[in-house]
Amino acid sequence: MIQPPVRDDGLQIEEHRTFQEFFWRAERVSWVIFGLTLIAALLGITGSGGMLERQIITVADGSVDVPRFSRWEASDVLQATLAGGGSERRLTLSPEFFRTFQVEDIDPPPIAAQGGADGLVYRFRAASAQPLVLTLHLRAQYPGIVSFRASVNDGPAQALRTIVWP
């Protein structure tokens, strides 16, 4: 049996110093990548909460709160607030929205949904003058970047973008 040489410190072990230094460098790089991923998750970039997860557009007749980051095949929510006044209120979403997202439920349910020049128009009836808060439960069908437009009560359409992670 071949004995390893005795080192200067008196230990008789065989070591591969170049491999060990390479492994230490790889370990440090891995820790940096893990730390950056953790920070991204805390900020909401992974689509599971955080201050960057959602985006809100505000127009004269209300606001639309959509996910900035979503996950493929995961449930998500679009919330819209339609300003009070008048008996009928409308939320319009462009066709690009429906190419990626499936609307599973709308609360409260619309009285009608019809195709228009700018996309699908959901019509809601409200008896009070209070703002109407809508919740659309969504599920992303495909990963990718989705650019779409939304408008409230036939106002100007606002551009939105959602990144759907695989």
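Me: In this predicted model, which residues form a nonpolar patch on the surface, and about how much accessible area do they have together?

Reply: The patch is formed by Phe 19, Phe 22, Phe 23 and Trp 24, which together have about 450 Å² of accessible area. Phe 19 lies in helix α1, which covers residues 17-43, and with a relative accessible area of 53% Phe 19 is exposed, because exposed means over 50%.

Me: How should I read a salt bridge, and which residue forms one with Glu 21?

Reply: The general idea is that side chains of opposite charge can pair when their charged atoms come close. In this structure, Glu 21 forms a salt bridge with Arg 17, and the closest N and O atoms are 3.3 Å apart. Both residues lie in helix α1, four residues apart, which is about one turn of the helix. Glu 21 is partly exposed, with a relative accessible area of 30%, and Arg 17 is partly exposed as well, at 44%.

Me: Which parts does the salt bridge between Asp 76 and Arg 54 tie together?

Reply: The side chains of these two residues, Asp 76 and Arg 54, meet at 3.5 Å, N to O. Asp 76 lies in strand β4 and Arg 54 in strand β1 (residues 54-59), so the pair ties together parts that are 22 residues apart in sequence. Asp 76 is buried, with a relative accessible area of 9%, whereas Arg 54 is partly exposed at 25%. Arg 54 and Asp 76 are also linked with Asp 65 in a network of salt bridges.

Me: Is β5 mostly covered or mostly open, and which strands does β5 pair with?

Reply: Strand β5 is mostly covered, with five of its six residues buried. β5 and β8 pair in the antiparallel sense over six bridges, and Thr 92 stands opposite Val 121 in β8. Three bridges join β5 to β10, and these two strands run antiparallel, with Leu 93 standing opposite Ala 150 in β10.

Key. Residues are numbered from 1 along each chain as its sequence is written. This is a predicted model: local features need pLDDT of at least 70, side-chain atom pairs count only at pLDDT 80 or more; totals for chains, interfaces and linings use all residues. Side-chain values use heavy atoms; hydrogens and water are left out. Patches are made of residues with over 30% relative accessible area and no salt bridge: like charges are joined within 9 Å, nonpolar side chains (Val, Leu, Ile, Met, Phe, Trp, Tyr) within 5 Å. Accessible areas come from the Shrake-Rupley method with a 1.4 Å probe; for residues, only the protein chains shown count as cover. A salt bridge is a side-chain nitrogen of Lys or Arg within 4 Å of a carboxyl oxygen of Asp or Glu. Buried means under 20% relative accessible area, exposed over 50%, partly exposed in between (1.4 Å probe, protein chains only). Two strands pair if DSSP finds at least two bridges between them.
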